[in-house]
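Here are my notes on this model, as numbered points. Please read them with the structure open.

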Amino acid sequence: MRLYGNAVKVTLYYLPKLDTLDLWIDDPGKEREAVPIGDDMAVKLDDQGRPIGVEILPLEKLSTDDVKKLPEELHTALLDTLKS
């Protein structure tokens, strides 16, 4: 997957028992804050406030409207990943 002309490695963690998906476009260890956006998602931010990941709980309730709420980097990464 490519964003803004730069290669981006997407890392996914899925927990079937909880139906939780974590999608990362940077090192998860850089997370400094999680900001809820809606009832079922939280955007993970680094120490400079850049979006580096998203947690979706539960994944089965993810809607098109939810995806539209994501920052562009995460929106693109999630859609590209789900298409694969």
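1. Residues 24 or more positions apart supply 38% of the chain's contacts with a separation of 6 or more. Contact means heavy atoms within 4.5 Å.

2. This is a predicted model: local features need pLDDT of at least 70, side-chain atom pairs count only at pLDDT 80 or more, and totals for chains, interfaces and linings use all residues. Residues are numbered from 1 along each chain as its sequence is written, and side-chain values use heavy atoms, with hydrogens and water left out.

3. The chain has 2 helices and 7 strands. Both are DSSP runs numbered from the N terminus: helices are H or I with at least four residues, strands E with at least two. The order along the sequence is β-β-β-β-β-β-β-α-α.

4. Of the 84 residues, 35% are buried. Buried means under 20% relative accessible area, exposed over 50%, partly exposed in between (1.4 Å probe, protein chains only).

5. Look at β7 (residues 51-56). Of its 6 residues, 5 are buried. Strand β7 runs antiparallel to β6 (residues 41-45), with 5 bridges, and antiparallel to β4, with 4 bridges. Strands pair if DSSP finds at least two bridges between them. In β7, V54 is the bridge partner of V43, and E55 that of D22.

6. The β6–β7 hairpin has 5 residues between the strands. There, G49 takes a positive phi near 80°.

7. Is L18 buried or exposed? L18 is exposed, at 54% relative accessible area. The residue sits in the loop between β3 (11-15) and β4 (20-24).
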